[in-house]
Amino acid sequence: MKLGIIGSGNIVSEFLSFIDEIKSIELVAIYGRKHSIDKLHQLQNKNNIKKVYTEFDQLLLDEEIDTLYVALPNNLHFEFAKKGLLAGKNVILEKPFVQTMEEFMDLQKVSKDKHLHLYEAISNQYSPNFNKIAQWTNQIGDVRLVSLNYSQLSSRYAKFQTGEVLPAFDFKSGGGALQDLNVYNIHLLTGLFGRPQEIQYSYNFVKNVDTSGILTLEYPNFISNAIAGKDVFSIENGMNFIEGDKGYISIDKPTNDISTISLHTENSIDILKLSEQHRMFYEFETFANKIASNDWDFMNKMLEHSKSVLKVLTTVKRQMKSDHPDK
């Protein structure tokens, strides 16, 4: 994979902290706005990135690049992904995938027509522990309750309180607790159990955005709560439980990082902790392998999963719009 990185925010810095461990990925270029040129050059020099672009159209003309990693504010995902696909590049989109179902269907069609790969970067779906959790659900009897909580005080919250609204707290830019943090909980739930039957969101609404909230997802035989807050001081370790009538599963980190899990039954405790690998390593290792092997069945499977998550998100956003029609 010969990669062009689109963006220079915090998630890109995380990505660059481990990507040299995946030898099949070559960093060809990084793109950002002109006012970020100093930062772009710092990232280039620190991470041995060949080229810097401040004009996206120029990057798209670079024939050395075969894949884009789009890590921009959420409302820009669709625009940059579609331009990338139309230019003949495979696309990896940061979560949340896109903002509407129409955008999803458009990108899916273009990727199919152009015979290009399209993925959502969502760490918990690619962790080896995801499959282990799925296996363990068969050992805890009938699942009755699921409680997931990914809350952390945003580094941008202080500025938000003083009136400076950055994209992470701008609902029109796809910001808010639902799409920034709770999306990990939704991915985990839909990945394990499919789409819910009933959805209800209770949330704190401050300056036109959900700063925290509790999402209740009802399944045929159990109820789940997906909690997320960007305005709360929370412990680093997660408090996540899948509870059945014969045992329970604990996830001991926030749901973007499911590296430490445990199975508790009447007579035993089984603890599984992955090696100290960055949480994003497994998804990009998988993307590189699946793109190299042209595994279209796998890509289509993951797109259907992203579609299920987007249906939950659009249902909740529709509720929020109904709650606040003047916003």
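A polar contact, as I use the term here, is a pair of N or O atoms within 3.5 Å; within protein, one must be able to donate a hydrogen and the other to accept it, and residues adjacent in sequence count only if both atoms are side-chain atoms.

**Ground rules.** I am working with a predicted model, where local features need pLDDT of at least 70, side-chain atom pairs count only at pLDDT 80 or more, and totals for chains, interfaces and linings use all residues. Residues are numbered from 1 along each chain as its sequence is written, and side-chain values use heavy atoms, with hydrogens and water left out.

**Entry 1, Asp257.** I found Asp257 in the loop between strands S12 (247-251) and S13 (260-265); strands are DSSP runs of E, at least two residues, and helices are runs of H or I, at least four, numbered from the N terminus. Its side chain makes a polar contact of 2.9 Å with the side chain of Ser259.

**Entry 2, strand S13.** I looked at its partners next, where pairing takes at least two DSSP bridges between two strands. S12 and S13 pair antiparallel over five bridges, with Ser250 opposite Ser262. Five bridges also join S13 to S14 (residues 269-273), again antiparallel, and here Ser262 faces Ile271. Three residues separate S13 and S14 in their hairpin. Five of the six residues of S13 are buried, so the strand is largely enclosed by the rest of the structure. Buried means under 20% relative accessible area, exposed over 50%, partly exposed in between (1.4 Å probe, protein chains only).

I placed Asp62 in the loop between helix H3 (56-60) and strand S4 (67-70). Asp62 counts as buried because its relative accessibility is 7%. A polar atom of its side chain lies 2.9 Å from the backbone nitrogen of Glu64.
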